[in-house]
Amino acid sequence: MTPSPSYDLSSQPRYTTVAIVLHWLLAMALLVIFALGLYMVELSFSPLRLKLYNWHKWAGVSILLLSVARVVWRVTHRPPALPTTVTRSMPGWQMQAHHATHHLMYALFFAVPLLGWAYSSAAGFPIVLFGQIPLPDFVGADKALAAMIKPLHQLSAWALMGLAALHVAAALKHQWLDRDGLLLRMLPR
């Protein structure tokens, strides 16, 4: 779909290439790790399950590092302001939802992998990144604590996926219903 005539793509600021790459890399990584998590918990105890749990942990640490890079980039490189055509036509509740969704997603980018790390540590399973780099335990081994943390990790992962789905739905609404070109600011040229 083409954007509405009131949205001139050449005059609107876009996200930086680094911000775009970090956005899409993190999006793909989150989808893969979530699908892997759903798959691996259904497996019976086996070498495959152990391998997938290790991959899940490595991906979680990688996502945590990507999230740090993304926050550092965002703090040091302000994102482009929403076009005035968008802010004028957006109801106040949508603007609040926009900001709340982004803030909650950023919080969960950190909470989900940190809860996973804490769960793994409390369960007594250390994280050895890529099978080579042992990471310190986030908390001490404690089976009762692990039992408390595990559902928090799962719930926060589902919450992150729900917010991501809301984010995608809003972007598609802007592209196909509002036709304001907002999505194009985050797509590679």
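**Helices α1 and α5 in a predicted model**

Good morning. In this predicted model, the axes of helix α1 (residues 17-40) and helix α5 (residues 143-178) come within 11 Å and cross at roughly 135°. Axes here are lines fitted to C-alpha atoms, for helices over the stretch in contact, with angles from 0 to 180 degrees between N-to-C directions.

Which residues meet? His 23, Leu 30, Leu 31, Phe 34 and Leu 38 in α1 meet Ala 157, Trp 158, Leu 160, Met 161 and His 167 in α5; contact means heavy atoms within 4.5 Å. By class, this contact of α1 with α5 has eight nonpolar, two polar and no charged residues.

Turning to the whole protein, there are five helices and two strands, being DSSP runs of H or I, at least four residues, and of E, at least two. Along the sequence, their pattern is α-α-α-α-β-β-α. The C-alpha trace spans about 60 × 30 × 25 Å along its principal axes.

Finally, confidence. The average pLDDT, the predictor's confidence in each residue from 0 to 100, is 92, and 94% of the residues score at least 70. Over residues 1-6, however, pLDDT stays under 50. Where pLDDT is low, the predicted coordinates should not be read in detail.

A note on conventions: residues are numbered from 1 along each chain as its sequence is written, and side-chain values use heavy atoms, leaving out hydrogens and water. Local features need pLDDT of at least 70, side-chain atom pairs count only at pLDDT 80 or more, and totals for chains, interfaces and linings use all residues.

Key
Nonpolar A, V, L, I, M, F, W, Y, C, P; charged D, E, K, R; others polar.
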